[in-house]
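Please examine the sequence and the three-dimensional structure shown below.

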Amino acid sequence: MEQKSNHKYTPSKKLTKADGTIAYVFDNKLHNWDGPALIPEGENRKREYYLNGIQKTEEEWRQARKEREGLPWYKNPGLKGQTNRF
């Protein structure tokens, strides 16, 4: 039986400033799972990664993105109380 959730997923909003800087905002915090949350315009175009308003390095962001999908093995309902029979 499927359960329907009343909670709708809202993606990050893309905001562009007058100087060309691009920022992705979710719940009034810099946040983007798909890439850098802040992309400044100008000579120093250093991308900045944020998750829930907390600045991350690119490596920390990649690790957090890798760990966000799926259930842990101990929460998988298919493994409870079953035995492997070959």
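Two residues are said to be in contact when heavy atoms of theirs lie within 4.5 Å. The structure to which this term is applied here is a predicted model.

Consider Thr21, which is found in the loop between strand S1 (13-16) and strand S2 (22-26). When neighbours within four places in sequence are left aside, Thr21 is in contact with Leu15, Thr16, Leu38, Ile39, Pro40 and Glu41. The side chain of Thr21 is also joined to that of Asp19 by a polar contact of 3.0 Å. Is Thr21 buried or exposed? Its relative accessible area is 8%; because buried means under 20%, Thr21 counts as buried.

The next feature is a pair of rings. A search of the whole structure finds one aromatic pair. The rings belong to Tyr49 and Trp61; their centres are 4.9 Å apart and their planes stand at 35°, so the pair is tilted. This pair links distant parts of the chain, since Tyr49 lies in strand S5 (residues 49-51) and Trp61 in helix H1 (residues 58-67), twelve residues apart. Tyr49 is buried, with a relative accessible area of 6%, and Trp61 is buried with a value of 6%.

Finally, consider the chain as a whole. Of the 86 residues in the chain, 19% are buried. The accessible surface of the chain amounts to about 8000 Å², and 48% of that surface belongs to carbon and sulfur atoms.

Terms used:
Residues numbered from 1 in each chain as written. Predicted model: local features only at pLDDT ≥ 70, side-chain atom pairs only at ≥ 80, totals over all residues. Heavy atoms only, no water. Helix = DSSP H or I, 4+ residues; strand = E, 2+ residues; numbered from the N terminus. Buried < 20%, exposed > 50% of the residue type's maximum accessible area, 1.4 Å probe, protein only. Polar contact = N/O pair within 3.5 Å; in protein donor to acceptor, adjacent residues only side chain to side chain. Phe/Tyr/Trp six-rings, centres within 6.5 Å; stacked < 30°, edge-to-face > 60°. Areas by Shrake-Rupley, 256 points an atom, 1.4 Å probe, with all protein chains shown as cover.
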